[in-house]
Amino acid sequence: MDRIVFVAVLTLGLLASLNGGLSMTQTAARKGHNPKLGALLGAVTGLVFTLLAALAVITLLPGQAILSVIGGFAAGMGALALLRRALPDRVTEQEALPSGAALQRNIAARRLQGTVLRALFFLSIALAIVMLAILMWTIVTKTIGLTAVQYTVQPEDLVVNGEPVNRPLDELSEAELQAVLADNARVARLRVFVLQNVIEAPEADWPTLSGQPVSRVLKNNEYPAELADAAFNTLDEAQTAGLLALNLDRDSLQELVFDEIIQPQVVDSWPLWTSLTQRDEINAVVAEEYPEAEIVWRSWVSWDFLSSPLDPRKADDTGLRPALIGTLLVIAITIAFAFPVGVGAAIYLEEYAGKNRLNQIIQTNISNLAGVPSIIYGILGLAIFVRSLETFTSGQAFGASTANGRTVLSAGFTLALLILPLIIINAQEAIRAVPNSLRQASYGLGATQWQTIWHHVLPYAMPGILTGTILAISRAIGETAPLILVGGATYLTQDPKGPFSIFTALPLIIYRWTTLPQDEFRNAAAAAIVVLLALLLTLNSIAIILRNRFSRRLS
Amino acid sequence: MTEGYTNGRFAIETRTLHLYYGDFLAIRNVNMRFERNQITALIGPSGCGKSTLLRSLNRMNELVPGTRIDGEVLFHGQNLYDPAVDPVEVRRRIGMVFQRPNPFPKSIFDNVAYGPRILGQRNKAVLEEIVERSLRQAALWDEVKDDLKKSGLALSGGQQQRLCIARALAVEPEIILMDEPCSALDPIATLRIEDLMRELKSDYTIVIVTHNMQQAARVSDFTAFMLLDEHRAGELIEYDRTEKIFNRPQDQRTEDYITGRFG
């Protein structure tokens, strides 16, 4: 028998066994037998007959896998039906309602059914918890672990004036660090450091800036007076390193030396469990493959990870600041749009709208919209916000200069449309749960409809509305497909700055990183998932605190 | 009848009042005049339209969709169902106390101050004065004066109902409609509410719906007996001074009901 066929037969056999166990308890009790034995007999019969019949079919008709599965199940169920009928009836006098020993058997049978089902339900929740734990473990295990780090230049190989330094970086003075830079980097790289770290010019301007005099290039910074008129790209290593030392403090210089000269690189990494249990193997692998590498513990979630820009090439250098800011901006717009509109729609539908055909159609459609796949909303967002309303979503109408509509605003509105039905439905439920006596008390005092809604219905419904909003935001924050469709980037050199910026978001980055070939990006993706979960929990706890505050005020 | 208004004898009056829920006639042709500063009780078996009639006196029945009124309810000579009349004003001048105590989930103070506040009263001192006066009138002041910030829901059932009465009094209505105000209360709390109603009578006109005939006999000056007709529409059978209804009813059906032969 094929393995897959066997699994199918076994599953159906267990189903028949469950059915047999549950039904035979009652039958056995009614016919005067021990209900527990009846259950056992039913369970065994269901399983054994299913398996045997399936085996018989597949032996007689080789290749008829489906027939064997169906036939096995039918035989199992049929055997149970026969068993229920054939079980000898030991009760001589059948009463309409059981009493005495019959009643005790009857109760025992019903209790047994409940116990079996309770065990099954417990298994379901246990299964869910185990799955969740495995999920969390696979994520966490990738965010902390040992890494093999290799330096481009070993710290002890750094030279000043041809002499090795031989001291830890922390102990070097500012002048020594300047000398290290001058002696260990080519002049072109030092120029890049000046343009990048001192004047922070965009990369596109570098070629033009390079040919200009120092006084122009560093017009907002310090430079030695004698170099004022020299063209920037004619300075030598010592002079350029001098400019760096003049404008950066000692710690920045040390960071520059560490990141750019020593250049640590993660060449291999191991998950948490392997790191803890197989240290010797890891040592051996590193000694063989990367003899110069050091083995160090690394947490992929770190302040640097949160605060650094994206790096599309090196997983150990990349941060996710643009994605984090992008997600926060997009969600802020989503909430700002979807919450008031959704609650407003719910108020209208529950408090104002009459019970006519039109409103019933609207109601049905809202319920259906809640189940529409998110990618459809992506297409909608692309058509409406990115294309049709481009003048507004790109910010041209407001004087912003984004080239097209693929902006934070479009993404926020698209996600808002996506969660709008969820918010409306949940808010409606919450408003419907407001006791009518509260409304009547308010009307009875001469309050208008709006006063009644604002003072009584909304505060009372608010905890429920917020619960629905929490669920909706949790949904929105993890959505990837609509963001891809409305043009979310997977790599950005700059942070999104406002509603009219091009954007990226955490799920997009996670999706991107899991598809890159370098192994270390899997660690970065796991770390990004942890950040996403943390963000989700933070937003949810804010909403829960708000909800509890409302609930407390009511009681 | 006109003289009734000139000397202020009647607080409110219904004329050929019919009330429909959709196509269903719930009340048929009720003509009643409610005497000022008196307690009028509406009695009758369940579903005979007592509460519906009560609610039609301050247009609370309109909150049920599909309700339609035929006839007039006259208040100060003005038909309350005239299109020019605003139901919000009607309810401010004709207050209501419900079957189950329904305080707002707010503090005792905010419960009573709610009515004045929605009418635009913001002055703290004035509100405090109104709250104290209303709670005193409702005989609740002594029990709650030290803890006005406590939630109205933390009070006992009887206290909650007196809070609801205080809340209704705070907007100074002329008439108070009470829809079985004691049916959710124990006998002691019921007695307190009944005492309260007798005290309030000097300042207000009270109309009360009750299932409890002893209560109607104890507390009311006038009693109206209602019954379903053959089409299940509520009808006014007999309306007179309470002692007359309970001692010398004119209608056989009234007698059957109050002697407990049915109902």
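Ala102(A) is found in helix α4 of chain A, which covers residues 100-143. (Helices are DSSP runs of H or I with at least four residues, strands are runs of E with at least two, and both are numbered from the N terminus.) This is a predicted model, in which local features need pLDDT of at least 70, side-chain atom pairs count only at pLDDT 80 or more, and totals for chains, interfaces and linings use all residues. Residues are numbered from 1 along each chain as its sequence is written, while chains are lettered from A and ligands numbered from 1 in the order in which they are written.

Back to Ala102(A): with 17 other C-beta atoms within 10 Å, this residue is partly exposed. (Buried takes 20 or more such atoms within 10 Å, exposed means 12 or fewer, and partly exposed is in between, with C-beta atoms placed from the backbone.) Leaving out residues up to four places away in sequence, Ala102(A) touches Val91(A) and Glu95(A); contact here means C-beta atoms, placed from the backbone, within 7 Å. His33(A) sits 69 residues away from Ala102(A) along the chain, yet their C-alpha atoms are separated by 9.5 Å.

Further along chain A comes helix α5 (residues 174-184), whose buried residues include Leu177(A), Val180(A) and Leu181(A). The buried residues of α5(A) pack against β2 (159-160), α6 (187-198), α9 (237-247) and α10 (250-262) of chain A.

Chain A also has an open sheet of 3 strands, ordered β4-β1-β5 with antiparallel pairing; strands pair if DSSP finds at least two bridges between them. β4 (264-269) and β5 (294-299) of chain A are the edge strands, each with a single partner, so one side of each has no neighbour in the sheet. Strand β1 (residues 144-151) of chain A is joined to β4(A) by 5 bridges, and Thr147(A) stands opposite Ser269(A) in β4(A).

Next, a helix pair. Helices α16 (residues 374-388) and α18 (residues 408-432) of chain A pack at about 135°, with axes 9 Å apart. (Axes are lines fitted to C-alpha atoms, for helices over the stretch in contact, and angles run from 0 to 180 degrees between N-to-C directions.) α16(A) and α18(A) are therefore oblique to each other; under 35 degrees counts as roughly parallel, over 145 as roughly antiparallel, 65 to 115 as roughly perpendicular, and the rest as oblique. Among the residues that meet are Tyr377(A) and Phe385(A) from α16(A), and Phe413(A) and Leu417(A) from α18(A). By class, this contact has 7 nonpolar, 5 polar and no charged residues. (Ala, Val, Leu, Ile, Met, Phe, Trp, Tyr, Cys and Pro count as nonpolar, Asp, Glu, Lys and Arg as charged, and the others, Gly among them, as polar.)

How do the two chains meet? In total, 22 residues of chain B are in contact with 17 residues of chain A. On the chain B side, α3(B) gives the largest share, 4 residues. That side divides into 13 nonpolar, 4 polar and 5 charged residues.

Finally, strand β7 (residues 175-179) of chain B is mostly covered, with 5 of its 5 residues buried. Ile175(B), Leu177(B) and Asp179(B) point one way, and Ile176(B) and Met178(B) the other. β7(B) runs parallel to β6(B), with 4 bridges joining them, and Val97(B) has Met178(B) as its bridge partner. β7(B) also runs parallel to strand β8 (residues 205-209) of chain B, joined by 5 bridges; here Ile176(B) is partnered with Ile206(B).

Technical notes
Two residues are in contact if their C-beta atoms, placed from the backbone, lie within 7 Å.
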